[in-house]
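Me: I have a model open and would like to learn how to read its features one by one. Could you walk me through it?

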Amino acid sequence: MYEMIYRRLQNKIILLTLLVSFTPLLILGVTMYYQFMRSSRANTESQIKYRAYARAEALNRFLKERTAILGAMADTHNISEISDETRLARIFEIMNARCGAFVDLGVIDDQGRHIAYVGPYDLKGRNYFDQPWFAEVVSKGAYMSDVYMGYRKMPHFIIAVRRHENWKPWILRATIDPEILNEIVRSAQIGKTGDAYIINRNGVYETQPRFDGRILFESDLDPNLFGGQVDVVELKDKNGRPVLCAGSWLKNNKWLLVIEQDPAELMEELFAVRYTEILIISIGLMAIILTTIFTTRITVKHLKESDKKMVEMNAKLVQSDKMAAIGKMAAGVAHEINNPLAVILQKTGWIEDLLEEEEFQESENFKEFRLSVLKIEEHVERARKVVHNMLGFARKMEPRLEDVDINETLNQTIDMVENYARINNIQIQVDFTKDLPIIASDQAQLQQVFLNLINNAIDAIGKDGLIEITTDCNDTEIYINFKDDGSGIAEDVQNKIFDPFYTTKVTGKGIGLGLWVIYNIINKMGGSIKVQSVMGHGAKFIVTIPVVKPEKK
Amino acid sequence: MYYLRILVVDDEVDFLDTLMNRLQLRQIKATGVASGEKALEIMRQKRFDAVILDVKMPGGMDGIETLRAMKKIQPLTEIILLTGYASKETSVEGMELGAFDYVLKPIKLDELLIKIGEALEAKSAHDDKLRKGDIKKLIRFPDNIYTQGKDEQE
């Protein structure tokens, strides 16, 4: 039952400690994680936002440069010069040398006729009059197309500038290698999942996206989601995974550069942090659990031990209190009995004295008188012995201190009873610890103690048995154990056996003072005596004597 | 012949009377009193060689107190304590106060007589020493001894 109280206490302490230490740790961990995630998310957003902005800038600059050089060429030549194809080829060369990325160059007159052409395709003589861009470039002066297939069946886009000469417009038109767009855009495709592409106002791909979709096909993205300069929108892809999209308008808000990024990928480092954090917290929790359980166990163990010691000490105190009270009472009783006994003895002595006189000698019952008186004296003596035994020591009150070798004393005592034991087929087995310290004690009293204990053991066995006597010691105490395989002592009387007049022996065989006297002698020496027994399985008496070093002579 | 004079102090009158009778029968001069006060009173008047003193006498002066007073009146008288139980306190205290020895009740008269004999022997040895000492002192300091010796004779 006590075991359960300690277990419950232990569990309570462990639970409370764990709760108190876990809660802040977990709160800290979770808070840190979310804080980190939020800042990481903001970081990611601004990162792709910046990327979209930078790429869009680069593209814009690229387009503006192309338009500017085309415009410059148109402005510096008249139509007759530029229609000369060798001249045009030279211009084309210069433009490509200075700027690059031009695929071909052509001159278109006011009727939409392609009057001069330099480039890999056979486009000379084609008429663009009906093309919608022709009207636009004539009216607006400059034009940049979306990417389209056109006559050459290759995705491309053109830049065209218009010049008036003699009130007639002519147009210098160049095709831009769309690969250059792809290249610039591709450099923004980061990581394993990052995508970058351009769509026009209608959501048609202007460049080849990295994953789904094809150039010139409609994309799933609604370009109207993006206004302003650079916006970041979180969308779901087909698989329902979140995708961060940064969009930046370019080319006079006709194209939209989109940079897509799976936030999870950019947050991979966050996940690494998360695992590290989980690992650290787990290790911390483990350490806390182990330490808590360990320390709590130790604490409860100590508590248990000290409780046990206290209970033992209390029991000892109660016992010695009881013994002291009994001792006092016994002394009083002894006095009260001894006084009348003294009177009786004097009276019988007086009768004896008188019986010595002549006239009584002849009395017929003289012998009877005498015998009676002797009997009375005998019984007075018997009563006197009881009282004196009860007080323990008839004459010598103070233990006489001498150098005592416990093992030697035990051997001498065993010699005294060995014959008697052998007759009853009781074996006395000894196992002494060698080199027990020699102590200052009263050998005669110790012998009385040992003799009483061995006699009790013999009585408990009766016939055929074994008595084991062992000694042991540490720095401060010597232990002497008397173990027999006799009938044992019932648990409920174990605390009574040291009381005076407690006996289990047949009336007349013992008066129940032996153990009481032993208790008093050992107690006076500063030692203790304990009994361990299970009914039917013998008994073990443990005598503890303090090591008192003899004074050096 | 040197007369033995013995004083018995015991509040148990039955014990005291019987003991008196038996001592008388043995030609021993003994006086019996039943209390410490009476014992002291008689000791102021008569010299005793030995006193047998009961340690525990409820109702009057107890044995140890009486012993202390007796030693003041007659320091050389040997006192045997008679006790119903040998309590450490009384016996040790008694011995420290100069009692010759103590015996436990009940005691047979023969044993008591032996103890008295021992006490007297000790006393006579003691007296002898004193006498010899007196003679020595008498030789050395004739004046001083006279007064001391006179006290003792009284």
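Me: By class, which residues does the lining of the second largest cavity have?

Reply: Happy to start there. A few ground rules first: this is a predicted model, in which local features need pLDDT of at least 70, side-chain atom pairs count only at pLDDT 80 or more, and totals for chains, interfaces and linings use all residues. Residues are numbered from 1 along each chain as its sequence is written, chains are lettered from A and ligands numbered from 1 in the order in which they are written, and side-chain values use heavy atoms, with hydrogens and water left out.

A cavity is a set of points, on a 1 Å grid over the protein atoms alone, where a 1.4 Å probe fits but cannot get out; lining residues have an atom within 4 Å of a point. For the classes, Ala, Val, Leu, Ile, Met, Phe, Trp, Tyr, Cys and Pro count as nonpolar, Asp, Glu, Lys and Arg as charged, and the others, Gly among them, as polar. The lining of the second largest cavity has four nonpolar, one polar and one charged residues. They are A:L453, A:N456, A:A457, A:F482, A:D484 and A:F541.

Me: Which element gives the largest share of that lining?

Reply: Elements here are DSSP runs, numbered from the N terminus: helices (H or I) have at least four residues and strands (E) at least two. In chain A, α11 (443-461) and β14 (477-484) each supply at least two residues of this lining. The largest share, three residues, comes from α11(A).

Me: How many cavities of 30 Å³ or more are there?

Reply: A volume is the space filled by probe spheres set on the points, with grid points joined across faces, edges and corners. The count comes to two cavities of 30 Å³ or more. Residues lining the largest cavity include A:W133, A:Y148, A:R152 and A:R173, and its lining divides into six nonpolar, two polar and two charged residues.

Me: How should I read the interface of chain B and chain A, and what area do they bury between them?

Reply: The size of an interface is often given as the accessible area lost when the parts come together. Buried area is that loss, taken with a 1.4 Å probe and summed over both parts. Chain B and chain A bury about 2300 Å² between them, 61% of it on carbon and sulfur atoms. Contact means heavy atoms within 4.5 Å, and the contact takes 21 residues from chain B and 23 residues from chain A.

Me: Is A:Q346 buried or exposed?

Reply: Buried means under 20% relative accessible area, exposed over 50%, and partly exposed in between (1.4 Å probe, protein chains only). A:Q346 is at 1% relative accessibility, so it counts as buried. This residue is found in helix α7 (residues 268-355) of chain A. Leaving out residues up to four places away in sequence, A:Q346 touches B:F15, B:T18, B:L19, B:R22 and B:I107.

Me: How many salt bridges are found across the interface of chain B and chain A?

Reply: A salt bridge is a side-chain nitrogen of Lys or Arg within 4 Å of a carboxyl oxygen of Asp or Glu. Two are found across this interface. In one salt bridge, A:D353 pairs with B:R26, with the closest N and O atoms 2.8 Å apart. Over all chains the count comes to 25 salt bridges.

Me: Which residues are linked with B:R47 in a network of salt bridges?

Reply: B:R47 is linked with B:D49, B:K123 and B:D127. The side chains of B:R47 and B:D49 meet at 3.3 Å, N to O. B:R47 is partly exposed, with a relative accessible area of 34%, whereas B:D49 is buried at 1%.

Me: What about the backbone: where is A:W167, and what is its phi?

Reply: Most residues other than glycine have a negative phi, and most peptide bonds are trans. A:W167 has a positive phi, near 60°, and lies in the loop between β4 (157-165) and β5 (168-176) of chain A. A:W167 is exposed, with a relative accessible area of 85%. In chain B, the peptide bond from B:K105 to B:P106 is cis, with omega near -10°. B:P106 lies in the loop between β5 (101-104) and α5 of chain B.

Definitions and conventions. On a 1 Å grid over the protein atoms alone, a cavity is a set of points where a 1.4 Å probe fits but cannot get out, and a pocket is an open set with protein on both sides within 12 Å along at least five of seven lines; lining residues have an atom within 4 Å of a point. Buried area is the accessible area (1.4 Å probe) that two parts lose on being put together, summed over both.
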